[in-house]
Amino acid sequence: MTPDFPPVPFNRAAPAPDFPWPNGAKSALFIGFDVDAETAWIGNTPANADRLVTVSHGGYDGRVGIARILMLLDELALPATFFIPGWTALAHLAACEPILAAGHEIGHHGYLHRRPDRGDIDAAREEIDRGFEALGQALGVRPIGYRAPSGENFPELMSHLAASGIRYSSSFRDDIRPYRHILADGGPGPVEIPVNFAFDDWNFGMSSRVDPRPLFGRDAILPLWIDEFEATHAWGGVTTMVLHPQVSGRPMRWHLLRDFLRYVQAKGDVWIASGAEITQHFERMERMAE
Ligand SMILES: [Zn+2]
């Protein structure tokens, strides 16, 4: 039987408020990295644990990707948020510690990158709790930001995130400006810093035997990113990037990312901020509007 769905929007959050960005900026750029490492390959497909070459895509994070990304951010003096699955923080501690030492924000990205499934709410909650635990144990941090592994969410999970101290989520694709979620009980949920799917590097830059996709190079990606950024800038939105060191930390893509970030930086009227900074700004504007 086809289920019947009540004819109401799935996301009940009010429209994004129209507040100004700090320092007279016309738009914002949120540079987010998902440091999946091997979890991208084993979290939803445990059989890949016996495929060392397949999971070695993720191993690139710890050996090369994270360090190269940190070099780039240091060179351009830019802040970023690194959403790290708990497993990654434990398994690649030596690669992850410099993220924190460089002053970047650490966000929550599950424990083993398991896609939250409403059919097993307890498992989804446990993935959150274990992620917090591992990040605390490995890096001594308690993140306030969450990006859903494999980009999913549901009401019970959103409530659990809010109760666990998550102040912002960066997963939804339904706006170009931050807004505040409404929880199932009608109470205020986390702020959403919506992502722009055009800035998910996995779409264009990752392919494997088990997940074959076409690859696109500079001529396709740089104009796409600049066009999408310019249009978002004109509309005063936030350009939220979903980057992966195992993709954008590879040589050609690293240079491509550097060229894009330099382009945005050169505009001079873009607020480049971490997820926590954008959330703090949103909360401040919200209080002022009360
Ligand atoms: Zn991820």
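1. The crossing of helices α8 and α10 is right-handed. Helix α8 covers residues 218-234, and helix α10 covers residues 251-267. Their axes come within 10 Å and cross at roughly 25°. Angles under 35 degrees count as roughly parallel, so α8 is roughly parallel to α10. Please keep in mind that this is a predicted model.

2. Next, the residues behind that contact. From α8 come R218, I221, L222, W225, I226 and F229. From α10 come L256, D259, F260, Y263 and V264. By type, nine of the contact residues are nonpolar and two are charged. No polar residue takes part.

3. Now the chain as a whole. The protein chain has 11 helices and nine strands. Its radius of gyration is 18 Å, close to the 19 Å that the globule rule gives for 290 residues, so the chain is as compact as a globular protein of that length. Along the principal axes, the C-alpha atoms fill a box of roughly 50 × 50 × 40 Å.

4. Take the contacts between residues at least 6 apart in sequence. Of these, 75% join residues at least 24 apart.

5. A77 has a phi near 55°, a positive value in a residue other than glycine. A77 sits in the loop between α2 (52-76) and β2 (81-84). Is A77 buried or exposed? A77 has 8 C-beta neighbours inside 10 Å, so A77 counts as exposed.

6. H113 is the other one. The phi of H113 is near 65°, again a positive value in a residue other than glycine. H113 lies in the loop between β3 (105-108) and α5. H113 has 26 other C-beta atoms within 10 Å. A residue is buried if 20 or more lie within that distance, so H113 is buried.

7. Last, E133. This residue is found in helix α5, which spans residues 121-139. How far apart are E133 and G86 in sequence and in space? They are 47 residues apart in sequence and 7.5 Å apart in space, C-alpha to C-alpha. E133 has 13 other C-beta atoms within 10 Å, so E133 is partly exposed.

How values were computed: Residues are numbered from 1 along each chain as its sequence is written. This is a predicted model: local features need pLDDT of at least 70, side-chain atom pairs count only at pLDDT 80 or more; totals for chains, interfaces and linings use all residues. Axes are lines fitted to C-alpha atoms, for helices over the stretch in contact, and angles run from 0 to 180 degrees between N-to-C directions. Helices (H or I, at least four residues) and strands (E, at least two) are DSSP runs, numbered from the N terminus. Angles under 35 degrees count as roughly parallel, over 145 as roughly antiparallel, 65 to 115 as roughly perpendicular and the rest as oblique. A crossing is left-handed if the near helix is turned anticlockwise from the far one by less than a right angle, and right-handed if clockwise. Two residues are in contact if their C-beta atoms, placed from the backbone, lie within 7 Å. Ala, Val, Leu, Ile, Met, Phe, Trp, Tyr, Cys and Pro count as nonpolar, Asp, Glu, Lys and Arg as charged, and the others, Gly among them, as polar. A residue is buried if 20 or more other C-beta atoms lie within 10 Å of its own, exposed if 12 or fewer, and partly exposed in between; C-beta atoms are placed from the backbone. The radius of gyration is taken over C-alpha atoms; the globule rule is 2.2 Å times the number of residues to the power 0.38.
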